[in-house]
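Student: Could you walk me through how some of the helices sit against each other here?
Tutor: Gladly; let us look at it together.

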Amino acid sequence: MDFIFEPWPWYVAGPLIAVTLFLYFYFGKNFGVSTNFETLCTMSGAGKVSDYFKTDWKERDYALLFVVGLFIGGLISSNFLIPNEAIELNPKTAQELQEIGFSNVAESYFPAEIFSKESALSLKGFIILMLSGFCVGFGTRYAGGCTSGHAITGLSSLQIPSLLAVIGFFIGGIIASWFLIPALF
Amino acid sequence: MKNIRFLFLGIFFAIVLSKTEAISWFRYYEMFRFQSFHMYGIFAGAIVFSAAIMQLFKSGKIKDQFGNPIQPKIKKEGVIRTLVGGTFFGLGWGLSGACAGPIFIMLGFEWIPAIILLASSVLGAFVYGLLDKKLPK
């Protein structure tokens with residue numbers, strides 16, 4: 001039973017992600033997460049401000065249940081399935097992060113410099129989180145999908161818009177990790 | 001509640017991504033710095049297996065639980081929207097590891113930053129909705 005508590009190798013993830021996609025479609029729905037941001041707007045009454053949000057959110061309750069499941073799965077994983085969050089990061093990556101001022105690199109999934117309560121609630125940390133969340137919400141809706149909808153569903157069904165979106169994901173991610181992170185920390 | 005199965009599917013998906021470190025900020029950073037195969041292996045595996053499944057859907061060999069043919073939604077066309085929108089998403093993803101699904105999983109790990117990310121993502125989607133008709137596609 002040890003394998004439950006040890007980190008799972010990368011090659012386990014791909015097939016199991018595909019199983020998730022298969023079941024999502026088998027249950028009769030289109031796989032993707034980021035439309036939920038829109039649904040949450042609609043539920044908060046955004047339809048009063050813009051017709052864009054005038055949809056019946058109850059028709060998307062399955063997707064909301066899926067993300068509630070993601071939260072529960074996260075709770076289960078963090079509390080019971082991952083006794084040690086340390087990651088075997090490339091030593092070069094770890095060293096570079098140390099050089100720009102990160103401490104305890106890869107000793108947990110999320111760096112304290114961004115995710116600890118103190119960082120998240122400091123002015124700088126709060127602004128970084130708000131800006132990145134804003135970019136994610138705005139960007140996924142503009143592009144029409146995120147990693148699940150474009151990179152996995154879209155690419156595997158050979159759709160050109162998804163290829164362009166994934167190129168965009170990498171342009172943004174490279175700017176963030178090569179330029180913004182070193183400049184901000 | 002026939003849709004309760006999606007809740008269990010979400011739990012399963014969250015455990016898979018958590019256990020394979022695919023929600024970790026460090027893994028994303030390493031990926032964007034091209035210093036590790038880990039995330040690329042995960043994406044390659046997911047896409048190859050999913051593409052095989054898509055072929056089975058397309059050929060009609062597999063139908064959904066109601067017996068209907070399965071047809072993935074056609075993505076909206078547009079070079080600007082996909083590239084620019086994608087770049088916005090990538091900036092957020094690269095900065096805070098705020099991939100859409102993992103934000104919800106992160107709520108179970110580090111709830112304070114995750115709530116800030118979720119609230120600002122919803123705000124971002126709201127602002128997009130207001131500008132939808134004005135933005136170039």
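Student: At what angle do helix α8 of chain A and α4(B) pack?
Tutor: Helix α8 (residues 123–143) of chain A and α4(B) pack at about 150°, and their axes are 7 Å apart; axes are lines fitted to C-alpha atoms, for helices over the stretch in contact, and angles run from 0 to 180 degrees between N-to-C directions. Helices are DSSP runs (H or I, at least four residues), numbered from the N terminus. This is a predicted model, in which local features need pLDDT of at least 70, side-chain atom pairs count only at pLDDT 80 or more, and totals for chains, interfaces and linings use all residues. Residues are numbered from 1 along each chain as its sequence is written, while chains are lettered from A and ligands numbered from 1 in the order in which they are written.

Student: So how are α8(A) and α4(B) oriented to each other?
Tutor: The two, α8(A) and α4(B), are therefore roughly antiparallel, a label for angles over 145 degrees, whereas 65 to 115 counts as roughly perpendicular.

Student: Which residues make that contact?
Tutor: Among them are A:I128, A:L129 and A:F138 of α8(A), together with B:F88, B:F89 and B:W93 of α4(B), where contact requires C-beta atoms, placed from the backbone, to lie within 7 Å.

Student: Switching topic, how many residues of chain B are in contact with chain A?
Tutor: In chain B, 103 residues are in contact with 109 residues of chain A.

Student: And inside chain A, how do α3(A) and α4(A) cross?
Tutor: Helix α3 (residues 35–43) and helix α4 (residues 61–81) of chain A have axes that come within 10 Å and cross at roughly 110°, which makes α3(A) roughly perpendicular to α4(A). Their contact is made by A:T35, A:N36 and A:T39 of α3(A) with A:A63, A:L64 and A:V67 of α4(A).

Notes:
Contact = placed C-beta atoms within 7 Å. Parallel < 35°, antiparallel > 145°, perpendicular 65-115°, else oblique.
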